[in-house]
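Please keep the sequence and the model in view while reading.

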Amino acid sequence: MDLDLTEDEKDIRQWVRTFVEKEILPLEQDVLARERRGERGLPPEELKRLQDLARESGFFGVQTPEEYGGMGLSAVMAALVEVELGRSFVPFRFGGYADNILFHANDAQKEEYLVPTIEGTKKSCFAITEPGAGSDARAIRTSAKQDGDDWVITGEKTFITGGTEADFVMVFAVTDAEKHKEGRTGESVTCFIVDRDQGWTSDQIDTMGEWGPAALTFDGVRVPSSAILGEEGKGFALAMQWIGRGRYLLPARALGGCERMVEMGMEWARNRETFGKPIAERQAIQWMVADSAVDIEALRWLVLAAAWQVDRGDDSRQAQSMAKLYGGVHCNEIVDRMLQVHGGMGYTRELPLERWYRELRLLRIYEGTDEIQRRTIARNLLKGHASVRGHLGLDHRRRDRGGRAVGRRALVRRGRSPTRAARASEAAGVDV
Ligand SMILES: Cc1cc2nc3c(=O)[nH]c(=O)nc-3n(C[C@H](O)[C@H](O)[C@H](O)COP(=O)(O)OP(=O)(O)OC[C@H]3O[C@@H](n4cnc5c(N)ncnc54)[C@H](O)[C@@H]3O)c2cc1C
């Protein structure tokens, strides 16, 4: 079993590490100061300058396929990149990203939305949550009624990230009320791509974090049939695909922040003296450091195991839910401990700990709350779709004649029937 990275992979990670040290960390004080004045921490022009700089070195579209100008990196590499970026709270991300479901667009939509999103000339947002439908996304009520060749969308969406700046929204609406009532969500919901100038409006929602999502209002917004993304009635599967696109990446980013906070905590503990000794010599403080280091290491392996399953083409949803849940719970414990190590200083706005404290709280809520991840994990186990005995040495895939392992997707492509484990794993996807 070789868990090491290739030389190329090590080079990529080192490049990101250096980029963060040289270009991102020096911006932290300015970002904090702006945020504390109620301004955007990283203004769009500054973000673009950094993205252009990275692009000059070929860093663009981390997971975007090469045919679209991206790097097409593996999930494991994408996770490692997120860990490095997460070491700073500066809200930077590399350019060249587009929502995974936009790759399902037809050619005309790709030209109008996908390519400009990758190039950064258009901004998207994804809207499924409604005031009455969050965890229970099947309860959405926004409707789209057909009128000739047009559809008329009416309803309200809430907590939409990027909703204030987006040029267009991928909005999910009920197009078959009868089927929806019968619970046939797989046939009743459609995704529409709607430009802001087609008539939807947004209102920013203040939150305890620095990034306010928005409430969107659709008051009889008329769009042509060509606005449908994918197929009519098949939108719910797209929504689940978007939500499940990279659950391992959220805890990966949080993990980078936790590494940094523990380093800050240790530095503080070595230098802060009470009762004649550095607090680093007190067992109470040492235990906080030790428990945090163990949590970080456990999370690292959960994240990498999930990413590795994505790269193999296995059904990774159970592993991704575990990484997301563990990250949400334990990163919040770590930031709390490290704030505690800093005493009163940890609570001030001179240090970024209180910012991380507020930001990390979101990890337990969005893209599937802790409770929903637990529900998924337990259901998959109780139904027998997953096991507590782990994956190691259990090959979920068949091998071809040359002895190469064949992933689930590859099996489907080659028209062979999946193994029992792969079928069970596929069925496990009922809960996302
Ligand atoms: C900052 C932010 C950004 C967001 N960005 C987006 C976005 O871009 N697009 C989008 O569509 N949505 C977005 N969301 C919405 C987010 O996904 C939902 O808030 C989340 O899914 C929870 O839904 P809810 O808020 O309605 O809570 P509810 O579903 O009402 O849940 C309330 C509580 O009940 C618990 N609960 C619910 N059901 C169960 C159950 N069966 N068993 C046990 N406990 C349960 C939940 O875990 C939670 O603790 C965002 C939210 C926030 C806060």
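A nonpolar core is a set of buried Ala, Val, Leu, Ile, Met, Phe, Trp, Tyr and Cys residues joined through C-beta atoms within 7 Å. A residue counts as buried if 20 or more other C-beta atoms lie within 10 Å of its own, as exposed if 12 or fewer do, and as partly exposed in between, with C-beta atoms placed from the backbone. The model is predicted: local features need pLDDT of at least 70 and side-chain atom pairs count only at pLDDT 80 or more, whereas totals for chains, interfaces and linings use all residues. Residues are numbered from 1 along each chain as its sequence is written.

In these terms, the largest nonpolar core comprises 56 residues, and Ala79, Val303 and Ala307 have the most contacts inside it. Helices (H or I, at least four residues) and strands (E, at least two) are DSSP runs, numbered from the N terminus. Two or more residues of this core come from each of α1 (7-24), α4, α9 (249-271), α10 (283-312), α11 (317-341) and α13 (353-361). At least three of its residues are drawn from each of domain 1 (7-97) and domain 3 (247-389); the domain bounds come from an automatic or database domain assignment. Two residues are in contact, or touch, if their C-beta atoms, placed from the backbone, lie within 7 Å. Residues up to four places away in sequence aside, Ala307 touches Ala75, Val76, Ala79 and Tyr248. A second, separate core has 42 residues, among them Ala144, Trp151, Val194 and Ile228. In soluble globular proteins, nonpolar side chains tend to be buried together.

The domain arrangement can now be considered. The protein chain is divided into domain 1 (7-97), domain 2 (104-114 + 121-243) and domain 3 (247-389). Between domain 1 and domain 3, the C-alpha centres are 21 Å apart. In this contact, 15 residues of domain 1 meet 21 residues of domain 3. On the side of domain 1 that touches domain 3, α2 (28-36) and α4 (75-86) are the elements that give two or more residues, and α4 gives the most, with nine residues. By class, this side of domain 1 has eight nonpolar, two polar and five charged residues. Here Ala, Val, Leu, Ile, Met, Phe, Trp, Tyr, Cys and Pro count as nonpolar, Asp, Glu, Lys and Arg as charged, and the others, Gly among them, as polar.

The record assigns "domain: Acyl-CoA dehydrogenase/oxidase N-terminal" to residues 6-120; UniProt positions are given in the numbering used here, feature names are shortened, and annotations may be inferred rather than shown by experiment. Residues 6-120 are 57% helix and 0% strand, with end C-alpha atoms 31 Å apart. To residues 125-210 the record assigns "domain: Acyl-CoA oxidase/dehydrogenase middle". This span of 125-210 is 10% helix and 43% strand, and its end C-alpha atoms lie 17 Å apart.

Which residues lie closest to the ligand? The ligand is surrounded by 19 residues, of which Thr129, Gly134, Ser135, Thr369 and Glu371 are the closest; a residue is near a molecule if its C-beta atom, placed from the backbone, lies within 6 Å of it. Domain 2 and domain 3 each supply at least three residues of the shell. At least two shell residues come from each of β1 (124-127), β3 (150-160) and α14 (370-382), and α14 has the largest share, three residues. The shell consists of 10 nonpolar, six polar and three charged residues.

Phe159 lies in strand β3 and has a positive phi of about 60° although it is not a glycine. Phe159 is buried because 20 other C-beta atoms lie within 10 Å. Glu367, also a residue other than glycine, has a positive phi near 50° and is located in the loop between α13 and α14. With 19 other C-beta atoms within 10 Å, Glu367 is partly exposed.

Phe236 belongs to helix α8 (residues 235-243) and is buried, since 23 other C-beta atoms lie within 10 Å. Its contacts, not counting residues up to four places away in sequence, are Thr185, Gly186 and Val189. Phe236 and Glu187 are separated by 49 residues in sequence, yet their C-alpha atoms are 7.9 Å apart. Val115, in helix α5 (residues 107-119), is partly exposed, with 17 other C-beta atoms within 10 Å. From C-alpha to C-alpha, Val115 is 9.2 Å from Gly96, which is 19 residues away in sequence.
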